[in-house]
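Let's take a walk through this structure together, one stop at a time. Have the sequence and the 3D view ready.

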Amino acid sequence: MNVHDSERMAGLLEAAGMVPAFPDGAGSDVAADAESADVVVINTCAVRENAATRLYGNLGRLAGVKRERPGLQIAVGGCMAQQDREGIIKRAPWVDVVFGTHNIDALPVLLERARHNAEAQVEIHESLQVFPSTLPTRRESVYAAWVSISVGCNNTCTFCIVPHLRGKERDRRPGEILAEVEQVVRDGAIEVTLLGQNVNSYGVSFGERDAFARLLRACGRIDGLERIRFTSPHPAAFTDDVIAAMAETPAVMPSLHMPLQSGSDAVLRSMRRSYRSARFLGILDRVRASIPDAAITTDIIVGFPGETEEDFQHTLDVVEASRFSAAFTFQYSPRPGTPASDLPDQVPPEVVAERYGRLIALQERISAEENAAQVGRELEVLVAETDGRKDAASGRISGRAPDNRLVHVGLGDLPEDERPRPGDMVTVRITGAAPHHLMSDGAVTSVRRTRSGDAWQARREGGDSCGASHGAGDGSGAGSAAPAGPVTLGLPTLRVR
């Protein structure tokens, strides 16, 4: 969701007349990248403590660049901005703009106001001003698109800062969502991921409990849309009609991210997670009964306040039984403003670290075993642009299988003019596996060139595919064309034309 917000920030800046400082993507050195930019926007997260550390570390490095180039503008947005507000300016007075999660649309105006007034602008709203999906969007990918179906969250998990910073859940109308999906498909996308803090609670705000299942089915009827994904559901509201919609809609991919957080019922109760381990495992059983090839991933927090060794063992037991293909694991980080930060019995860091190591070892073994079971299968892989860090050195390309596993594909002697482009599909036989990826060396069965590959090629050659466009429902159509090339997300860096 933060990545998609960054796409909107980039779209707003391009609509205001700016162009990417790095059309092919910036590097990892923020200060060095800023040397070539007129505006730096840092979109922040507040879920974990290290996000704040990274923000102020990056701002410290940018201070020197700002002294050398006083005209450089620095803007900070997102959840840390919503939380810290004027505190950012106090700690880093060289920042020009601070804007929150509810007023992304104000970014260009705030930058111009800061320039005109020669003083920092801090503007934070307590509720959503403009639904983000109506904003211009500079999509990172031409072949795969994010589409928000809701913003905010109605849950009260004691470890989570999101409801405080993003507000109560607000759902988009189904017609607006489908119009946006149709638009991104027309623009070249063949894969869409539906986004919401709790996607399966979609429809509660307008009184339709089966709205999410119906939305999946409706998306599945859109011509040209080959792959549908969604993230993230909540186990408490995950119902059988959604499982049926997944199983009966061919375009819905056999992948599911289902956050566990803890396998201990006592810890789940303390977290205010309104399900228990038996219900969680029951959901997985029903999903696999209907979708046997489903790959299921999860989130797990280790060391929540009050977690005992017995509680942690329950988590290990549930992980063993769940057979997740992958897990996003976190050591508990107290977030100011959340109920859990004031709970007694905070677990000592050394205990958390030791338990975390055991969980990682268990999940690595399970992931390796589950991936090894894929060897010998034929899978259709959607070729990606940047998924493989070692592709250039290994001569491979990378992409995603239907179940969202990462696959590295060796093309062997495939002639240059037959090689797939990002957005194309390759059918391969899996020849090897590791805990975090699959491999196919010399086993390409076929290459299917797609209109997404055509759109990627057009963008690369200077066309307007994947340019800044307005969201569906605002009556503005596709918007004006934007310069070719993606904007690096998380830290979009742009130069005024």
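Let's begin at Cys79, which is buried, with a relative accessible area of 7%. Keep in mind as you look around that this is a predicted model. A disulfide, in general, is a covalent bond between the sulfur atoms of two cysteines. Cys79, then, is in no disulfide, and the nearest cysteine sulfur, which belongs to Cys45, sits 6.1 Å away. Another cysteine to look up is Cys219, which counts as buried at 1% relative accessibility.

Next, find an open sheet of 3 strands, with the order β7-β10-β11 and parallel pairing. Its edge strands are β7 (144-148) and β11 (227-231), each of which pairs on one side only. On average, neighbouring strands here are turned by 25 degrees against each other, ignoring direction. Zoom in on β10 (residues 191-195) and you'll see it pair with β11 in the parallel sense over 5 bridges. In one of these spots, Thr193 has Arg229 in β11 as its bridge partner. Helix α1 (residues 2-15) packs on this sheet, where it touches β7 and β10, and its direction makes about 95 degrees with that of β7. Helix α8 (residues 174-186) also lies across β7 and β10, but runs at about 165 degrees to β7.

Now move along the chain to strand β17 (residues 406-410). Is it buried or exposed? It's mostly covered, with 5 of its 5 residues buried. That goes for both faces: Leu406, His408 and Gly410 are buried on one side, Val407 and Val409 on the other. Strand β16 (residues 396-400) runs antiparallel to β17, joined by 5 bridges, and Ser398 has His408 as its bridge partner in β17. These two strands, β16 and β17, form a hairpin with 5 residues between them, and Asn404 in the turn has a positive phi of about 80 degrees. β17 is also joined by 4 bridges to strand β20 (residues 437-441), this time running parallel. There, Val409 stands opposite Ser440.

Our last stop is Asn371, in helix α14 (residues 349-372). At 3% relative accessibility, Asn371 counts as buried, because the cut-off is under 20%. Its side chain makes a polar contact with the side chain of Arg405, at 2.7 Å. Leaving aside residues up to four places away in sequence, Asn371 touches several others, among them Ala433, Pro435, His437 and Leu438.

Key:
Residues numbered from 1 in each chain as written. Predicted model: local features only at pLDDT ≥ 70, side-chain atom pairs only at ≥ 80, totals over all residues. Heavy atoms only, no water. Buried < 20%, exposed > 50% of the residue type's maximum accessible area, 1.4 Å probe, protein only. Polar contact = N/O pair within 3.5 Å; in protein donor to acceptor, adjacent residues only side chain to side chain. Contact = heavy atoms within 4.5 Å. Pairing = 2+ DSSP bridges. Axes fitted to C-alpha atoms, helices over the stretch in contact; angles between N-to-C directions. Disulfide = S-S within 2.5 Å.
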